Amino acid sequence: MSFTDWSVSSRGSVNFVGLDNYTLILSGKGTTSVRFLNSVKNLVIYVPLTLSIGLSLSLALALITRQLSRKLFSVFRGIYFVPYVLPLFLCAGIWQWFMTTGTGLVASALANIGIGRGITWDSTKYYAIIYVMMVDIWNSAGFNFVIISAGMADISPDLYEAAEIDGASTFQKMTKITIPLLEPILFFVITYGFISALQVYDIPWIISNGSDINSVGGPGQVMSFPVMEMVRNIYLGGKSGLGRACAEGVSLMTVILAVTAIQFKARRKKV
Amino acid sequence: MKTKKKREQWILIMLAAVWGLVCLFPLWVLFSGTFSLDTNNLTRTFFPNSLTNGIAKCKEALVTVEIAASTVHTLIYTSVTVAGILVISSLAAYEFTFYHFPLKRLLFGLLMASMMLPQVLYIIPLYRLVFAMKLADTFAGISFPMMVSALSVFVMMQFLEDLPLSFIESARIDGAGHFQIYGRIVLPLMRNGILTTVVLMFMKIWGQYLWPALVTGQKIKPISVTISNMLNPNFWIDPRTKIAAMLIAMIPPMTIYLTFQRYVIEGITMSGVKG
């Protein structure tokens, strides 16, 4: 389908256009292409940062709560999972309110300590990506935390006992036992995180007010991501709209599959 | 030594509590923002102080922002979808766990691979299909495509694996057919699995945005679309009503989570650790 010129309005008459859609979106000429390439650029910044910060946070939380009593652990687990339970559109809504310059709680708190003073977060380059990152990490940390801590619970307590007899400190136990044995879990979390981060859509779409087709991604597309561009092409209709959207989707999928394949391969080598 | 250990514990609790606060604080602010007087500065309202104003705002949100109507609509299509998922996935899980058939490994591999595919990819063909079937903007049109869920098959299979094969065999010796075995033995025994799937899927579909937004138009209003339209800066409403609307929209998923917390966390763990 990515090789045709169909659109929402074309009925029956769909022509094969070969690689035209691909050359168009990758050429860097015309609005569609410029927007798409820009969204890819944003994605390249967004994905690694979100993954690394989000995962280190959940890992740290899991390591901390692991040292606490069983009861406290369940309480914290229950609390940490709350943001993940909220649908993404609500997370976006809440944070949009928090991050409004002047009236938002978090934005004004950050301005007070000198971060982003006098900036509209959703329309300034880079700040917009950080904004989306904050919402996403807030939302997904609970999920990663639950999985990581479940993996930790599977590690046999004998190992820790043995280490204790050998005189290992808490920190040593963490780095020498917990993290290496957690490898398969971390692998899953990273792979899953990659796949979902590459498809980031709901949060930036809502924050940048995607229901108005002209404002997708905010001014200058500071907050635009590939999936948003795809959906924009669908809504926009026009000639080859769907074909272009498909081409963008296929490009994105190729990246996802490639990344996943690389991850699996790298892992097999290590184990 | 003992006191040092105790101090360590306290520091850890404090650290853990900081993130807990980050998780819960927004919800609290949302709550206190709704139930406060119009004269309060919203940026500095941390405690609720007016019940009547809060109720008025909630009413306004339910009627003017159409939160009530959207909640009902969302409830309808979510329930239909979850019911569909249950039928399809439990049958599939039963098949995959207990029967051998040609290409089983390949089919299962495909199923698992489909979990990794981005939703956006099949959304365009699906949209075309639903549009061509004239199901756009109907409950059926929203629900059908979301009924196929590899994740729920996977979760149910985890529960079925604990079921001894001898149950099935003895039933078959007694002359029970496939559907008899499925209905009389497998379904009752996998109650927990079904409950977990229902809870997980309900929350997931409740929060869906991309697909419902694409396929609905004038008639059906998914809650996600209503909320995101409300957040549009061109759509001016009283900020407290806005907050109240979000607070109300939060109630259904939170209720489910609080009631079935054990199943939710178990289900999530299962999909992660074993997968």
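These legends accompany close-up views of a predicted model.

**View 1. Helix H9 of chain A, end to end.** Helix H9 of chain A covers residues 170–181. It has twelve residues, and at 1.5 Å a residue these should span 16 Å. The end C-alpha atoms of H9(A) are 16 Å apart, which agrees with that expectation.

**View 2. Two faces of H9(A).** The buried residues of H9(A) are A:Lys173, A:Met174, A:Ile177 and A:Thr178. They cover an arc of only 125° around the axis, so they sit on the same side of H9(A). The face turned away from this buried side carries A:Phe171 and A:Lys176. Both of those residues are exposed.

**View 3. Cysteines of chain B.** B:Cys23 has 0% relative accessibility and therefore counts as buried. B:Cys58 is buried too, with a relative accessible area of 15%. A disulfide is a covalent bond between the sulfur atoms of two cysteines.

**View 4. A nonpolar surface patch on chain B.** Six side chains are shown: B:Leu21, B:Phe25, B:Trp28, B:Phe31, B:Phe46 and B:Phe47. These residues form a nonpolar patch on the surface. Together they have about 610 Å² of accessible area.

Terms used: Residues are numbered from 1 along each chain as its sequence is written. Chains are lettered from A and ligands numbered from 1 in the order in which they are written. This is a predicted model: local features need pLDDT of at least 70, side-chain atom pairs count only at pLDDT 80 or more; totals for chains, interfaces and linings use all residues. Side-chain values use heavy atoms; hydrogens and water are left out. Helices (H or I, at least four residues) and strands (E, at least two) are DSSP runs, numbered from the N terminus. The expected span of a helix is 1.5 Å times one less than its number of residues. Buried means under 20% relative accessible area, exposed over 50%, partly exposed in between (1.4 Å probe, protein chains only). The arc is that of the directions from the helix axis to the C-beta atoms. Patches are made of residues with over 30% relative accessible area and no salt bridge: like charges are joined within 9 Å, nonpolar side chains (Val, Leu, Ile, Met, Phe, Trp, Tyr) within 5 Å. Accessible areas come from the Shrake-Rupley method with a 1.4 Å probe; for residues, only the protein chains shown count as cover. A salt bridge is a side-chain nitrogen of Lys or Arg within 4 Å of a carboxyl oxygen of Asp or Glu.
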